[in-house]
Amino acid sequence: MTQPKFYTVGKLVNTQGLRGEMRVVSTTDFPDVRFKKGNKLHLFHPSLTEPVIVEIASYREHKDFTILTFKGYSSINDVEKYKGGELKVPETELLELEEDEFYIHQLIGCEVITDTGEVLGKITEVLQPGANDVWVVKGNKGKEIMLPFIDDCIKEVDVQNKKVICHLMDGLL
């Protein structure tokens, strides 16, 4: 039996107070779904031989963090050992996306070709600085190209065949 693939939805960065709360840096676009009370997540940590399934007991936003508690973990002593861990969901629990929306893992490795047929390289990273995502393309000569995920630039995305067609606007190279 093959192991399921897991995707990170949050990183446990610290404890918060004495009552078992954890500070989490959320890496999901769906925090209201992922961190909803009663939802179960897989907790991965280097000290664990296999992931622990935790159930969300409470969820709130505080400054730049998500604050979570897990059912059955009511003290700082219960959760402190998991600092540095990651909360993940199996691939089977990924949510359906709208048309023209993609998971980052689907974009990584896609070959980027201009609308004139020039192969630019492969997507190695997706940055999320604000207004729109920026796709980092590692060129064939080692040079990095930053492509904004906007209609004027990205013309076609085919994640099944790992291909992206783009239009190089003036000033991009």
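Biologist: Is E99 buried or exposed?

Modeller: The relative accessible area of E99 is 74%. Buried means under 20%, exposed over 50% and partly exposed in between (1.4 Å probe, protein chains only). E99 is therefore exposed.

Biologist: What kind of model is this, and how are residues numbered?

Modeller: This is a predicted model, in which local features need pLDDT of at least 70, side-chain atom pairs count only at pLDDT 80 or more, and totals for chains, interfaces and linings use all residues. Side-chain values use heavy atoms, without hydrogens and water, and residues are numbered along each chain as its sequence is written, from 1.

Biologist: Where does E99 lie?

Modeller: Helices (H or I, at least four residues) and strands (E, at least two) are DSSP runs, numbered from the N terminus. E99 lies in the loop between β6 (86-90) and α3 (104-107).

Biologist: What is the phi of K63?

Modeller: K63 sits in the loop between β4 (52-62) and β5 (65-70). K63 is exposed, because its relative accessibility is 74%. K63 is not a glycine, yet its phi is positive, at about 55°.

Biologist: Which loop holds K162?

Modeller: K162, also not a glycine, has a positive phi near 55°. Its relative accessible area is 29%, so K162 is partly exposed. The loop that holds K162 is the one between β11 (154-158) and β12 (163-166).

Biologist: How far apart are the C-alpha centres of domain 1 and domain 2?

Modeller: The protein chain is divided into domain 1 (6-93) and domain 2 (104-166), with bounds from an automatic or database domain assignment. The distance between their C-alpha centres is 31 Å.
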